Amino acid sequence: MTDLNRRNLIRNTVLAAGTLGLSLSALGNSCDITATQPEGSFFPENNQKDKDNDLTQVAGSRRLALGEVVLMKGLVKDQECKPIKGALVEIWQACESGKYNHSGDPNNAALDPNFQYWGRAITNERGEYIFKTIKPGEYQATSTWVRPPHIHMKVHLRGHQELITQVYFKENKRLNDLDRLLNSVSPKEREDLTVDFKKNATGPRIGTFNITLNAL
Ligand SMILES: [Fe+2]
């Protein structure tokens, strides 16, 4: 195919997409920036020794965290959907009982000493990250609001706007539908922040959460 033909093909495809009401993202030419969610009040206060991407065990102990082990993985991309390496992905969350390792958490539930409440990963050459963690418990945010299980996330990369968001579990539809934070974004964004952790015959459930950063 000549360059001219290729250009015409791209132009016609874009025109056809416009006629059909498709966005460029539907064609894979652009990715929508991942929706943000509030950071919340329970980002770890103290530096911790164990900084790896396996939150189910704390360094120096052989005991395992309580709860259902899950894997969360995904790609960090730019707005042209190109994977980016070297992005720092941090997650933090409650343990199985719904309690955060933070002095400001009013929840009376017990802390799990074998859970690593925060972890980090750096995207590889293919833009991929992965965490091994547990499904966090739900918790009472106010007398009339129960927060569904969710994983907090921050993504940093030089030259890009820092992304702060929260990831939800698809199977918690009732609580997700009532959640004030999840409902503060558009239906499409809500869907993107809600991950289907799929059964895996050989190990823990696996959820895929892809992230698009906003280049500065
Ligand atoms: Fe939270």
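Student: Which residue is the bridge partner of His150 in β8?

Tutor: The bridge partner of His150 in β8 is Tyr168. Before going further, note that this is a predicted model, in which local features need pLDDT of at least 70 and side-chain atom pairs count only at pLDDT 80 or more, while totals for chains, interfaces and linings use all residues. Residues are numbered from 1 along each chain as its sequence is written.

Student: What makes β7 and β8 a pair of strands?

Tutor: Strands (E, at least two residues) and helices (H or I, at least four residues) are DSSP runs, numbered from the N terminus. Two strands pair if DSSP finds at least two bridges between them.

Student: Which strands make up the open sheet, and in what order?

Tutor: The order is β3-β2-β7-β8-β9, an open sheet of five strands with mixed pairing. β3 (118–122) and β9 stand at the edges with a single partner strand each, so one side of each is left without a neighbour in the sheet. Within the sheet, five bridges join β2 (residues 88–92) to β7 in an antiparallel arrangement, and Glu90 has Lys154 as its bridge partner in β7.

Student: Why is β8 called largely enclosed?

Tutor: A residue is buried if 20 or more other C-beta atoms lie within 10 Å of its own, exposed if 12 or fewer, and partly exposed in between, with C-beta atoms placed from the backbone. Six of the seven residues of β8 (residues 163–169) are buried, so the strand is largely enclosed by the rest of the structure. Seven bridges join β1 to β4, which run antiparallel, and the bridge partner of Leu71 in β4 is Lys132.

Student: How do you know whether Thr34 is buried or exposed?

Tutor: Thr34 has 23 other C-beta atoms within 10 Å, and the cut-off stated above therefore makes Thr34 buried. Thr34 is found in the loop between α1 (3–19) and β1. A contact requires two C-beta atoms, placed from the backbone, to lie within 7 Å. Leaving out residues up to four places away in sequence, Thr34 touches Leu163, Thr165, Asp192, Ile211 and Thr212. The C-alpha atoms of Thr34 and Ile164 are separated by 9.2 Å, although these residues are 130 residues apart along the chain.

Student: What makes Lys49 exposed?

Tutor: Lys49 has 8 other C-beta atoms within 10 Å, so Lys49 is exposed. Lys49, too, lies in the loop between α1 and β1.

Student: Why is Cys81 called partly exposed?

Tutor: Cys81 has 16 C-beta neighbours inside 10 Å, so Cys81 counts as partly exposed. Cys81 is found in the loop between β1 and β2. Cys81 also has a positive phi of about 70 degrees although it is not a glycine. Most residues other than glycine have a negative phi.

Student: What is the largest nonpolar core, and which residues have the most contacts inside it?

Tutor: A nonpolar core is a set of buried Ala, Val, Leu, Ile, Met, Phe, Trp, Tyr and Cys residues joined through C-beta atoms within 7 Å. The largest such core has 38 residues, and those with the most contacts inside it are Val76, Val89, Val155 and Val167. β1 (69–77), β2, β3, β4 (128–134), β7 and β8 each supply at least two residues of this core. Not counting residues up to four places away in sequence, Val155 touches Val76, Ala87, Leu88, Val89, Leu163, Ile211 and Leu213. In soluble globular proteins, nonpolar side chains tend to be buried together.

Student: How many helices and strands does the chain have, and what share of its residues is buried?

Tutor: The chain has three helices and 12 strands. Buried residues make up 31% of its 216 residues. Among contacts with a separation of 6 or more, 70% are between residues 24 or more positions apart.
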